[in-house]
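Have the sequence and the 3D view open, and try each task before you read its solution.

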Amino acid sequence: MKAVNRRTFLKRSLYAGGAVAAPLIIPASALGRDGNVAPSERIVMGGIGIGGRGGGVLSGWVLPEKDVQFVAICDPRKSRRESVKGTVDKHYGNSDCKLYHNIRQFLAERPDIDAVLSTTGDRWHAPAAVLAMQAGKDVYSEKPASLTIAQGQAIVRAAKQYGRVYQAGMQRLSEPNFIVANELMRLGRLGEVKKVHAHLAPWGGVNLRKDWLPAEPEPPKEEMDWDAWLGPCPWRPYNSKYLGGWREHHDFYTTVIGEWGSHTLAHCQVALGLGETSPVKYQFVDSPTTDGMEMVFANGITMSHHLNGWHGSCGVTFFGSEGSVSCADGYSRPEVSNPVLLSDFDAVLKNYLARTGRVASHMRDFLNCVKTRRTTIANPVVTHRTMSTVHIANITSWLKRDMTWDPVKEAFVNDEAANRMRSRAEREGWQIC
């Protein structure tokens, strides 16, 4: 909060230094009247790489918030920039949304921007977040938050060094059904929980393409900045199929484990109170999808991921000695082994919100934390540690052997080949690790 806000400044200007020739008319919107938010209380926001998923976040979660003013979009693709501008300008009834294709220029030229919404492809999540935090911006970043363990460490360092608020888009941590499922475990209603299941994305596998697609003529830079699109990833010639098909390629994607595990593995860990660590034992499963892989925490609890077990996406199930609870997208309520477990659903949710001071809205949690400087629910440490689980599971699959992980040292035990895979080479000019 600034020492002198806009309302105070206007009042001082009006009364300072003698008579005023004519009365100063101040719009109600400038003073926060008639349901408006005063400019001094608004969060000025910009976007990085907003496409399909990001468009939904922008339209559904950002623009409706009255204390947010979205002012600019940065994207290497002109069609994406213009699409976002059209959405934003239509919402505000003006033509003010500015366009950028160079992320460094965007961050340097807009000191007025408080926070950024980053919804790029996987390859850009960590670099965009780190660059934005270095520029003094708070960050809401879509998941998966990193491509490597080293990138996750870079996010944690940047947030701490620059004092920034960061939220990863693991929104189910803020949704009522998932919150109540977690609370049933925390309150002890399930008894002793020794096993949890996490949903695995039902497509693709862990063994991704490492070849190059054939070269196509590169579009004009104003239409498509190919170098910026690649960012820190190894260079390869332009091919239009990368733009919609990047999930097939090792350099751009976190595999089926990262696609949903960045939600479901993370959710299980947070529910267990283990969001700031990672499992220590990883079982190799000889399957292209790793369906059924078991990961064991230091306290003996086993977490495994599965393709099936839910009739909705991104599901979790907690098994206890006194009962079980399961939840996924589209469930009207969590499914429980005994209906009595959900007899006070509303009270459980209300008590959680009162106890934690959180809200049942992931974006609103971020915006509240931007204002208060409180730590978000999907903060850098939780994000990094749960994404480490994703990366370790991938490395286990790629090297085709069981793994032991030391979460204190953040290193594999007695496995140099695996330790070398904690990071990847980053292209000159785009390094964050």
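The exercises below go from helices to single residues and then to the core.

This is a predicted model, in which local features need pLDDT of at least 70 and side-chain atom pairs count only at pLDDT 80 or more, while totals for chains, interfaces and linings use all residues. Residues are numbered from 1 along each chain as its sequence is written, and side-chain values use heavy atoms, with hydrogens and water left out.

**Exercise 1. A covered helix**

Task: Find helix α6 and work out how many of its residues are buried.

Solution: 
- Step 1. Locate α6 at residues 122–134; helices (H or I, at least four residues) and strands (E, at least two) are DSSP runs, numbered from the N terminus.
- Step 2. Apply the cut-offs: buried means under 20% relative accessible area, exposed over 50%, and partly exposed in between, with a 1.4 Å probe and protein chains only.
- Step 3. Twelve of the 13 residues of α6 pass as buried, so the helix is largely enclosed by the rest of the structure. Among them are Asp122, Arg123, Trp124 and His125.
- Step 4. Look just past the end of α6, where glycine 136 has a positive phi of about 85 degrees.

**Exercise 2. What covers α13?**

Task: Decide which elements cover the buried residues of α13.

Solution: 
- Step 1. Go to residues 362–372, where eight of the eleven residues of α13 are buried.
- Step 2. Pick these residues out: His362, Met363, Arg364, Asp365, Phe366, Leu367, Cys369 and Val370.
- Step 3. Look around them. The cover includes the strands β1 (43–48), β2 (68–74), β4 (115–118), β5 (138–141) and β6 (166–168), together with helix α3 (52–62).

**Exercise 3. Two helices against α14**

Task: Describe how α11 and α7 are each oriented relative to α14.

Solution: 
- Step 1. Recall the classes: under 35 degrees is roughly parallel, over 145 roughly antiparallel, 65 to 115 roughly perpendicular, and the rest oblique.
- Step 2. The axes of α11 and α14 (residues 380–399) come within 9 Å and cross at roughly 135 degrees, so these two helices are oblique to each other.
- Step 3. The axes of α7 (residues 149–162) and α14 also come within 9 Å, crossing at roughly 175 degrees. The pair α7 and α14 is therefore roughly antiparallel.
- Step 4. Check which residues meet in the second pair: Ile149, Gly152, Gln153, Ile155, Val156 and Ala159 of α7 face Pro380, Val381, His384, Ser388, His391 and Ile392 of α14.
- Step 5. Sort them by class (Ala, Val, Leu, Ile, Met, Phe, Trp, Tyr, Cys and Pro are nonpolar, Asp, Glu, Lys and Arg charged, and the others, Gly among them, polar). The contact of α7 with α14 has seven nonpolar, five polar and no charged residues.

**Exercise 4. Buried or exposed?**

Task: Is glutamate 276 buried or exposed, and is serine 141 buried or exposed?

Solution: 
- Step 1. Glutamate 276 sits in the loop between α11 (255–271) and β8 (281–282). Its relative accessible area is 55%, so glutamate 276 is exposed.
- Step 2. Beyond its neighbours within four places in sequence, glutamate 276 is in contact (heavy atoms within 4.5 Å) with Val381, Val382 and Arg385. Proline 380 is 104 residues from glutamate 276 in sequence, with 9.7 Å between their C-alpha atoms.
- Step 3. Serine 141 belongs to strand β5. Its relative accessibility is 0%, so serine 141 counts as buried.
- Step 4. Leaving aside neighbours within four places, serine 141 is in contact with residues including Ser118, His125 and Tyr166.

**Exercise 5. The core**

Task: Which residues touch the most other members of the largest nonpolar core?

Solution: 
- Step 1. A nonpolar core is a set of buried Ala, Val, Leu, Ile, Met, Phe, Trp, Tyr and Cys residues joined through side-chain atoms within 4.5 Å.
- Step 2. The largest one has 83 residues, and Ile103, Phe106 and Phe318 touch the most other members. Helix α6 gives this core its largest share, eight residues.
- Step 3. Follow isoleucine 103: not counting residues up to four places away in sequence, it touches Ile48, Cys74, Trp124, Ala128, Leu131 and Trp430.
- Step 4. Now find the second, separate core of 22 residues, which includes Met45, Ile50, Val62 and Val88.

How values were computed. Axes fitted to C-alpha atoms, helices over the stretch in contact; angles between N-to-C directions.
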